[in-house]
Amino acid sequence: METYLRILSYARPYRRYFPFYVVYALLSIIFGLLNFTLLKPLFDVIFEQVGPGELEQYSQKPEFSLSIQYFLHLFNHYFLQVAALYGKFGTLVYVCSIIVVSVFLSNLFAYLSGVVLAKVRADIIKGMRMNIFDTVSNMHMGYFSDERKGDLISKMTNDIQEVENSIVQSLRVVFKEPVTVILYFSVLFFMSVKLTVFTILLIPVSGAIIGYVTKRLRKTAVQSQESLGRIVNILDETISGMRVIKAFGAKEYIKDKFDQETGYYAAVNISMARKNELASPISQFLGVSVVAGILLYGGYLVLNNESALSASEFIAYIILFTQVLNPAKEISRALSSIQRGLASAERIFAVADSKPKIVSSPQAKSLKSFEKSITFDQVGFAYQDKTVLKGINFVLEKGRTIALVGPSGGGKSTIVDLVPRFYDPNTGSVKIDGVDIKEYRLDDLRKLMGIVTQESILFNDTVFNNIAFGMPEASEESVVAAAKVANAHEFIMELENGYHTNIGERGTKLSGGQRQRLSIARAVLKNPAILILDEATSALDSASERLVQEALGKLMANRTSLVIAHRLSTIQHADEILVIDGGKIVERGNHHELMDKNGLYKKLSLIQSF
Ligand SMILES: Nc1ncnc2c1ncn2[C@@H]1O[C@H](COP(=O)(O)OP(=O)(O)OP(=O)(O)O)[C@@H](O)[C@H]1O
């Protein structure tokens, strides 16, 4: 229930539509009901059931009062007048015309209420999507290594779709169908209390049976959505890793994996469908059984003259009752789909409720410029319980470059990730201009930095938008200027549409070196005070390598840079080199000092393995 209400809370901004919906829905129900209440007089006329007493009774117009009695009387008054004037057939035409008009109105209002609901439904889902997207984009980096990507994508697409299909669809059922049932039952009560009490006694029994079936659906729904998450994961890995899969002949392996998961998904869905499909036949069967019961009991009462119902009233009663079955069935069907939707909604809300571990503190200071230095003071860090950094101390002065080198897995990437607060240290602190970076506003801190990663992170967009990423106000000239500094302008101009060429997903239409130069151009345009650079390890051909090196050189010139270095040229130009191994700084100094030391650095440089 709590989850359900929470979904509805997304509709709060649209509550002004609710009165429209209520009015339309009520009118639709009332006009629908009118059809069936016309049946009784119709039968009366056809079966010639109207006695002289009744004729007498309705010959006068009634005194106005706001009661069912008044309207019934008024209706019968006109009805008998029409009957007297036009005869049986004329009355039939009269009744049928009213039926046609009221069916038309009933459906018109049903349509209008549906339109209002569709708007609210679309808005609820949009609100949910935006909410999740926002939450996920605010999460700290660690979250993305803990959560499976496929599962996240699946939650943001399939689960939301499931909520849309089931729960929001059932909104109609929440109001319209129960009101229909209540109104129809009121009329039934009005017609015969005895018979209606009898039918109401039968309903909880059928309700309990249907409830039992639908409750079991939820667990299966969770399994199904989790499996779908894994399917998306495999698909994502397969498509992004197609090159490796083909080269290593791993097609069969990945196919088997996919086959297993889709097989499981199919099995879960079959089991879910079995339960789901059961709901409708069961309610159909129970419904007809109830009608048969009423026929039997009511027929007995009528035959033995124990009921106030006339024969035509009894038939009208039965017909009206069968009309209650439809909304009742809708309610039972909605109950089963709500269970599925709730399972999805819970998965979505688990994401929506995750709290980012790295946020600006409420008293955070603004940080407009970088003046003096970045300091690592006794920094220690662990991923969960795996310690990867211990007692890291260094000072990076403004305008200087520090290069981090060392064997793989030593902790270099982790060190640079602490500067933009992708992670926070467990012990010690990282300071900018003498103040712990946790005390600055996160946005301000990151605005000072430009990051060029080992793999060029490009988006399926134009060259222009990839360079001006996060800077929508950047001018054409500034983007071109940045591209020129990054040695990218020439190749961009050779592309089909120059700066407006779409570079494909992750820039697959470009070469490795071109991708790197685009990433560099992006950093040049941002012109950050602090540059964090993770040099690519993959070797480029010498011409391309020279262009990239030159571009990097220009990017780093007169800038404060923290570089994970793999190129000897970068290392030689660094003011200080920190050799990182096993989470510690094991050697430090410039190139010559370190070569003289005869330690790990010398060993690494001799085998060229930075
Ligand atoms: N998200 C993570 N969760 C758990 N452990 C991690 C995570 N990221 C890295 N590690 C571990 O932390 C250690 C340091 O990794 P890091 O990436 O900082 O090393 P590195 O020196 O940059 O290596 P490389 O040169 O290969 O990129 C490694 O042992 C690695 O297995």
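**The ligand shell and its surroundings**

Strand S2 and helix H14 (412-418) each contribute at least two residues to the shell around the ligand, where helices (H or I, at least four residues) and strands (E, at least two) are DSSP runs numbered from the N terminus. This is a predicted model, in which local features need pLDDT of at least 70 and side-chain atom pairs count only at pLDDT 80 or more, while totals for chains, interfaces and linings use all residues. Residues are numbered from 1 along each chain as its sequence is written.

The residues surrounding the ligand are Ser 145, Tyr 383, Lys 386, Val 388, Ser 408, Gly 409, Gly 410, Gly 411, Lys 412, Ser 413 and Thr 414, a residue being near a molecule if its C-beta atom, placed from the backbone, lies within 6 Å of it. H14 gives the most to this shell, with three residues. By class the shell has two nonpolar, seven polar and two charged residues, where Ala, Val, Leu, Ile, Met, Phe, Trp, Tyr, Cys and Pro count as nonpolar, Asp, Glu, Lys and Arg as charged, and the others, Gly among them, as polar.

S2 also belongs to an open sheet of four strands in the order S2-S1-S4-S5, with antiparallel pairing; two strands pair if DSSP finds at least two bridges between them. The edge strands are S2 and S5 (435-436), each of which pairs on one side only. Strand S1 (residues 373-383) and S2 (residues 386-397) are joined in the antiparallel sense over eight bridges, and Val 379 stands opposite Ile 392 in S2. Two residues lie between S1 and S2 in this hairpin, and Gln 384 in the turn has a positive phi of about 45°. At the other end of the strand order, strand S4 (residues 427-432) is joined to S5 by two bridges, again running antiparallel, with Val 435 in S5 as the bridge partner of Ile 432.

Turning to the helices, Gln 225 lies in helix H10 (residues 217-240). Gln 225 counts as buried because it has 23 C-beta neighbours inside 10 Å; the term buried requires 20 or more other C-beta atoms within 10 Å of a residue's own, exposed means 12 or fewer, and partly exposed lies in between, with C-beta atoms placed from the backbone. Leaving aside residues up to four places away in sequence, Gln 225 touches Ser 154, Asn 158, Asp 159, Glu 162, Ala 343, Ser 344 and Arg 347, contact meaning that the C-beta atoms, placed from the backbone, lie within 7 Å.

In helix H17 (residues 476-485), the buried residues are Val 479, Ala 482, Ala 483 and Val 485. They lie on the same side of H17 because they cover an arc of only 160° around the axis, the arc being that of the directions from the helix axis to the C-beta atoms. Glu 476 and Glu 477 are exposed on the other side of H17. The buried residues of H17 pack against helix H16 (463-467), helix H18 (489-494), helix H19 (512-526) and helix H20 (542-556).

In H20, the buried residues Leu 547, Val 548, Ala 551, Leu 552 and Leu 555 cover an arc of only 130° around the axis, which puts them on the same side of H20. Their cover includes H17, H19, strand S7 (530-534) and helix H21 (568-573), whereas the face of H20 turned away from the buried side carries the exposed residues Ser 542, Ala 543 and Gly 553. Following H20, Asn 558 has a positive phi near 55°.

Note on methods. Two residues are in contact if their C-beta atoms, placed from the backbone, lie within 7 Å.
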